[in-house]
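Please keep the sequence and the structure in view while reading.

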Amino acid sequence: MISESYRNYFERSFMMGPNCLRLLDEILGEYPLHYTSDNLVLDLGCGMGVTSLFIANETGATVYANDLWISEEENRKRFANWNMKDKLIPMQEDATDLHFNKEMFDALISIDSYHYFAGKKGFFVNNILLT
């Protein structure tokens with residue numbers, strides 16, 4: 001598992017629920033992202049940004065790390081400490097009211113957070129899919 005190389009992030013201070021890195025590792029093992037530095041990925045509900053770090057490191061893509069509960073500034077500092085400020089773009093927006101072009105991203109990842117914001121009827125069609 002690729003996630004084993006991120007073992008130093010398997011601690012309570014980074015985890016806001018189940019081990020997001022193991023979940024992401026399993027998903028990408030089945031559905032790999034073949035991206036480069038030219039690609040943009042939205043990590044919706046990124047928490048402390050550990051999944052964003054994983055995606056950026058493993059694919060080379062630039063990741064927009066969005067979370068409602070973790071401040072943009074807090075993640076910006078964390079990303080700078082990880083030397084990833086050019087690959088991880090912190091955002092703090094409600095997933096039901098995102099302010100960017102839907103066509104901007106090559107992929108959307110949401111690990112263990114989708115159930116918090118997507119229970120509303122029509123969420124996926126109205127907020128995520130291109131219309």
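**Salt bridges in a predicted model**

The side chains of Arg 76 and Glu 73 form a salt bridge, with 3.7 Å between N and O. The model examined here is predicted.

**The salt bridges of helix α3**

- In total, the structure contains three salt bridges.
- Arg 76 and Glu 73 are three residues apart in helix α3, and about one helical turn therefore separates them.
- Arg 76 also meets Glu 72 through its side chain, in a salt bridge of 2.6 Å from N to O.
- Glu 72 and Arg 76 both belong to helix α3, which spans residues 72-81, and they stand four residues apart, about one turn of the helix.
- Arg 78 and Glu 74 are four residues apart in helix α3, so about one helical turn lies between them.

**How accessible the charged residues are**

- Is Arg 78 buried or exposed? Arg 78 counts as buried because its relative accessibility is 14%, and the limit for buried is under 20%.
- Arg 76 is partly exposed at 35% relative accessibility.
- Glu 72 is partly exposed as well, with a relative accessible area of 31%, and Glu 73 is partly exposed with 43%.

- Why is β2 described as largely enclosed by the rest of the structure? Five of its five residues are buried, so the rest of the structure largely encloses this strand.
- Thr 62, Tyr 64 and Asn 66 point one way from β2, whereas Val 63 and Ala 65 point the other way, and all of them are buried.
- Strand β1, made up of residues 40-44, runs parallel to β2 and is joined to it by five bridges.
- Leu 42 has Tyr 64 in β2 as its bridge partner.
- Between β1 and β2 the chain passes through α2, and this β-α-β crossover is right-handed.
- β2 also pairs with β3 in the parallel sense, over four bridges.
- Ala 65 has Pro 90 in β3 as its bridge partner.
- A right-handed β-α-β unit is made by β2, α3 and β3, and α3 is the helix that holds Glu 72 and Arg 76.

**The nonpolar cores**

- The largest nonpolar core consists of 22 residues, and those with the most contacts inside it are Leu 24, Val 41, Ile 55, Trp 82, Leu 88 and Ile 109.
- At least two residues of this core come from each of α1 (20-30), α2 (50-59), β2 (62-66) and β4 (107-109).
- Which element supplies the largest share of this core? The largest share comes from α2, with five residues.
- Another core, of eleven residues, lies apart from it and includes Tyr 64, Phe 117, Ala 118 and Ile 128.

**Overall layout of the chain**

- How many helices and strands does the chain have? The chain has five helices and four strands.
- Along the sequence, these elements follow the pattern α-β-α-β-α-β-β-α-α.
- The chain has 131 residues, of which 45% are buried.
- Among the contacts in the chain with a separation of 6 or more, 64% are between residues 24 or more positions apart.

**Confidence of the prediction**

- The mean pLDDT of the chain is 83, and 83% of its residues reach 70 or more.
- Where in the chain is confidence lowest, and where is it highest? Confidence is lowest in helix α4, residues 114-117, with a mean of 70, and highest in strand β3, residues 88-91, at 98.
- Strand β3, where confidence is highest, is the strand that pairs with β2 over four bridges.

Definitions and conventions:
Residues are numbered from 1 along each chain as its sequence is written. This is a predicted model: local features need pLDDT of at least 70, side-chain atom pairs count only at pLDDT 80 or more; totals for chains, interfaces and linings use all residues. Side-chain values use heavy atoms; hydrogens and water are left out. A salt bridge is a side-chain nitrogen of Lys or Arg within 4 Å of a carboxyl oxygen of Asp or Glu. Buried means under 20% relative accessible area, exposed over 50%, partly exposed in between (1.4 Å probe, protein chains only). A nonpolar core is a set of buried Ala, Val, Leu, Ile, Met, Phe, Trp, Tyr and Cys residues joined through side-chain atoms within 4.5 Å. pLDDT is the predictor's confidence in each residue, from 0 to 100. Two strands pair if DSSP finds at least two bridges between them. A crossover is right-handed if, with the strands pointing away from the viewer, the path from the first strand over the helix to the second runs clockwise. Contact means heavy atoms within 4.5 Å.
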